[in-house]
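Have the viewer open as you read.

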Amino acid sequence: MKESPSTFLRRPLSVHDINLSENTLSLLVQIAGPGTERLSRLIPGEKLNLVYPLGNSFTLPMHGERVLLAGGGCGMAPLLYLGRKISESGVLPHFALGFRNRSRILSHDEFSALGPVYLSTEDGSQGYRGFVTDIPEFSNEHWDRVYCCGPEPMMKAVAVLCRKRDIFCEVSLENLMACGLGICLCCVVPTTSGNLCSCTDGPVFNINDLKWQTSG
Amino acid sequence: MADLRIKIGPLEFRNPVILASGTCGYGSELEDFIDLSEIGGIIVKGTTLEPREGNPYPRMAETASGMLNAVGLQNKGIDHFEKNIYPHLAECKTHVIVNVNGNTIEDYVDLSRRINSLSAIPAIELNISCPNVKKGGMVFGTNPASAREVISAVRRVYDKTLIVKLSPNVTDITEFARISQEEGAEAVSLVNTFLGMAVDVGTMRPKLSTITGGLSGPAIKPVALRMVWQAARAISIPVIGLGGIMNAEDALEFIMAGATAVQVGTASFINPRAGKEIVAGIEKFLVEKEIDSVSTITGIINRK
């Protein structure tokens with residue numbers, strides 16, 4: 001990643017999936033600038049230098065709980081591996097996934113293999129028209145836990161919904177980071193215990209610990 | 001084997017590579033990657049008397065060959081440091097230096113006095129160059145009279161090794177280097193970050209919550225190197241050079257320009273092993289050139 005002067009730092013990416021039998025780790029990369037553009041052009045056999053794993057992880061559900069994994073766009077990346085782990089633990093994961101339009105839908109088959117998938121698209125080209133929070137199953141069914149990752153406005157909307165219904169909810173934040181090691185203090189998020197690093201204290205936070213929830 | 005030892009005041013370092021404040025946490029954060037006993041020293045996170053939350057997010061913007069930060073000295077204050085962090089640092093197998101900050105001269109003095117009594121901290125780095133706080137910091141480091149006043153006041157209460165960290169956001173760096181020497185500092189370290197900014201044209205907003213922040217990384221290296229060279233020629237106390245050092249060659253440039261030691265900062269964000277690799281690279285260079293000790297090449301470009 002040294003060819004462009006504007007790709008100076010490492011890129012913080014969540015794990016999309018892990019396949020132990022094939023010894024693979026999958027990343028889902030949305031092109032947002034020269035760094036992710038370069039990553040998207042990697043060819044088989046090219047070597048990457050990774051610092052993994054970093055930070056915390058989602059809290060797995062307890063037996064018999066009904067869980068919903070809510071993701072928006074490329075932000076749904078960590079929900080596939082989370083869904084796999086939840087499924088392996090004997091709990092059926094349900095997925096509520098929102099995309100801009102039909103052509104933006106990602107990893108649908110992989111999610112469907114693990115549990116029911118409820119889709120929304122902003123233009124209604126597939127699934128429910130609107131946002132993830134507009135999916136009827138989200139509001140109408142009982143959920144013990146909601147796990148969420150996506151753009152911040154979407155996560156805030158999910159948090160508001162969960163808070164109203166007193167549902168346990170964890171969100172995975174994607175703040176800008178420099179080091180990923182809890183050193184630079186650039187990726188901080190205001191919490192009830194002060195500014196915490198989303199790289200080491202997160203990226204997963206319970207919405208009750210986040211300050212933005214109280215104003216959301 | 002080449003002799004990598006250097007001295008700053010009475011303090012001997014096993015090699016000239018020190019991890020810069022704000023880029024090595026309290027050392028423990030890097031221990032998955034490096035054995036700190038292989039590093040000359042570490043300068044732990046900027047510390048203040050009172051706990052500080054720092055500036056609002058966003059605090060960082062990546063720029064061409066560098067980054068801007070506006071952290072604003074987030075730390076839990078000296079009481080927390082003494083009680084919870086210092087006991088671990090006392091076990092650290094390298095020199096641990098504390099970066100000292102304050103809003104007022106009294107703050108700097110009180111904090112320096114507190115740290116003077118911590119036996120496992122052999123030196124402080126007086127930070128009169130933080131660009132990300134409204135009071136203190138760079139306000140002292142860009143005004144010669146204020147700089148003199150704060151260094152002099154701290155010198156009176158601090159009897160171990162005193163390093164003054166200088167701001168590059170001045171017209172004449174040698175003036176501040178001379179003041180530090182005249183007021184009795186054992187060394188100066190330079191440069192802190194350059195005041196900079198970036199705008200997100202998509203949102204039409206500044207990229208940092210504070211609008212301006214401190215620029216670090218290779219983008220600043222040639223300017224930092226020039227300032228280190230100027231300072232080293234102006235004073236006789238050691239200069240610790242920093243600013244965009246990413247590898248051993250960069251470090252050697254600073255040493256040859258007159259730096260007794262170097263600090264590795266932003267490089268550790270990208271490569272947490274950078275400090276250790278730079279030590280190894282300097283040694284390899286000296287061995288290959290059949291040079292006995294690193295001090296032989298300190299300021300070599302200034303000799304006829």
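## Ground rules

This is a predicted model, so to speak of local features pLDDT must be at least 70, side-chain atom pairs count only at pLDDT 80 or more, and totals for chains, interfaces and linings use all residues. Residues are numbered from 1 along each chain as its sequence is written, while chains are lettered from A and ligands numbered from 1 in the order in which they are written.

## Where the chains meet

On chain B, 22 residues are in contact with 19 residues of chain A (contact: C-beta atoms, placed from the backbone, within 7 Å). β5 (60–63), β6 (66–69) and α8 (267–270) of chain B each give two or more residues to that side, and β6(B) gives the most, with three. Helices (H or I, at least four residues) and strands (E, at least two) are DSSP runs, numbered from the N terminus.

## A sheet in chain A

Chain A has an open, mixed sheet of seven strands, in the order β6-β5-β4-β3-β7-β8-β11; strands pair if DSSP finds at least two bridges between them. At the edges sit β6 (128–129) and β11 (204–206) of chain A, each pairing on one side only.

Inside the sheet, β3 (residues 67–72) and β7 (residues 145–149) of chain A run parallel, joined by five bridges. Look for Val67(A) opposite Arg145(A) in β7(A).

## Nonpolar cores

The largest nonpolar core has 110 residues, and Ile163(B), Val228(B) and Val262(B) have the most contacts inside it. Such a core is a set of buried Ala, Val, Leu, Ile, Met, Phe, Trp, Tyr and Cys residues joined through C-beta atoms within 7 Å. Helix α6 (residues 221–234) of chain B supplies the largest share, seven residues.

A second, separate core of 42 residues includes Met76(A), Phe99(A), Phe111(A) and Val158(A).

Most residues other than glycine have a negative phi, and most peptide bonds are trans. In chain B, the bond from Tyr57(B) to Pro58(B) is cis, with omega near 0 degrees. Another cis bond joins Leu190(B) and Val191(B), with omega about 10 degrees.

Asn23(A) has a positive phi of about 55 degrees and is exposed, with 7 other C-beta atoms within 10 Å. Leu185(A) has a positive phi of about 60 degrees but is buried, with 25 such atoms within 10 Å. Buried takes 20 or more other C-beta atoms within 10 Å, exposed 12 or fewer, and partly exposed lies in between, with C-beta atoms placed from the backbone.

Key:
Contact = placed C-beta atoms within 7 Å.
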